[in-house]
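This report looks at one helix and its surroundings. Please view the sequence and the structure first.

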Amino acid sequence: MLDALTLDQLRTFVSVAEAGSFRGSARHLSRVQSAISYSVGNLETQLGVVLFDRSGHLPKLTPQGQSLLADARSILLKVDAMRARARGLGEGVELELSIVVDSLYPMPWVMTALHTIRRSYVGVSIQLQVLPLGGPPAAIQDGRVTLGILAGEDLTDSRIELEAMHSHPFVAVAARTHPLAAAAEDLGTLEAVALAEHVQIVLSDPTQLSEGRDFGVLSPTTWRVNNQETKYAMIRAGHGWGRLPYWVVAENLKSGELVRLPVVALGPGGQIEVQFYLARRIDRPFGPVARAFREAILANRASET
């Protein structure tokens, strides 16, 4: 009987589990609720186990259902990957390449890679988004972009395939006129207590992926902004302190307009290395233009080291 299992049954099973109800799954799959119930019922018969406890108002995964859900997801991921690989074998040049880049990533490297693409693929349209935090992984998960450059892997899931690229410094800074600049010179290192009376400028996540989580937020009082340009401007203006990519502030640090803050909780000298990844959905293969972008940006970084 197991040979009679279908991918549609597995997708329906996973959909009900993720939607939390047969009605929600029907809405998501654009099918009638009776068809969803029938498909899951047939799957339960063929497997010989009950996947959902239907005694309550909403269906609840049984222990057997919970265990088999991981298997179903794994099978569907492998099938999607096979289909993507098959499509890629006969794929022509894309008419458009859509890219999302984490706002921490050095944009000069992206621009150099795009110059390479433009020389090789003159007629290809480029869509480029630069987003903070959960923005890039959400855009990839939703299928809105072909590829992305992510900062870290904390906000991704199993639908996203990651390729480790390289890292870049992320530093805590304040304006030369800010009180913390003088404190850093006097103390050498800054403990959390030294930050208590000072505003920290923090990026807000445009998605719900990091809901309830903060990254590197140490001050009790925060001013939140929705893009890195505003954060940079507010820190330069002396409104507060914050962390910024080294590539953004290198000239300001050299001129003395900004100073490093040796915040011990944020790495040696208030600096950490952010690991970046090239990312795509497992069922969205790279075409020739996307592959060329990947090669260009990796080659460009190699020339910088």
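Which residue just after α3 takes a positive phi? Glycine 48 does, with a phi of about 75 degrees. The model is predicted, so local features need pLDDT of at least 70 and side-chain atom pairs count only at pLDDT 80 or more, while totals for chains, interfaces and linings use all residues. Residues are numbered from 1 along each chain as its sequence is written, and side-chain values use heavy atoms, without hydrogens and water.

Helix α3 covers residues 33-47 and spans 21 Å from its first C-alpha to its last, close to the expected 21 Å at 1.5 Å a residue. Helices are DSSP runs of H or I with at least four residues, and strands are runs of E with at least two, numbered from the N terminus.

Buried residues (under 20% relative accessible area, 1.4 Å probe, protein chains only) and exposed ones (over 50%) are listed here.

| Class in α3 | Residues |
|---|---|
| Buried | Ile36, Ser39, Val40, Leu43, Glu44, Gln46 |
| Exposed, on the face turned away from the buried side | Ser34, Tyr38, Thr45 |

What covers them includes α1 (7-19), α2 (22-29) and β1 (52-53).

α2 packs against α3 at an angle of about 110 degrees, and their axes are 8 Å apart. That makes α2 roughly perpendicular to α3, a term for angles of 65 to 115 degrees. In this contact (heavy atoms within 4.5 Å), α2 supplies Phe22, Arg23, Ser25, Ala26 and Leu29, and α3 supplies Gln33, Ile36, Ser37 and Val40.

Conventions. The expected span of a helix is 1.5 Å times one less than its number of residues. Axes are lines fitted to C-alpha atoms, for helices over the stretch in contact, and angles run from 0 to 180 degrees between N-to-C directions. Angles under 35 degrees count as roughly parallel, over 145 as roughly antiparallel, 65 to 115 as roughly perpendicular and the rest as oblique.
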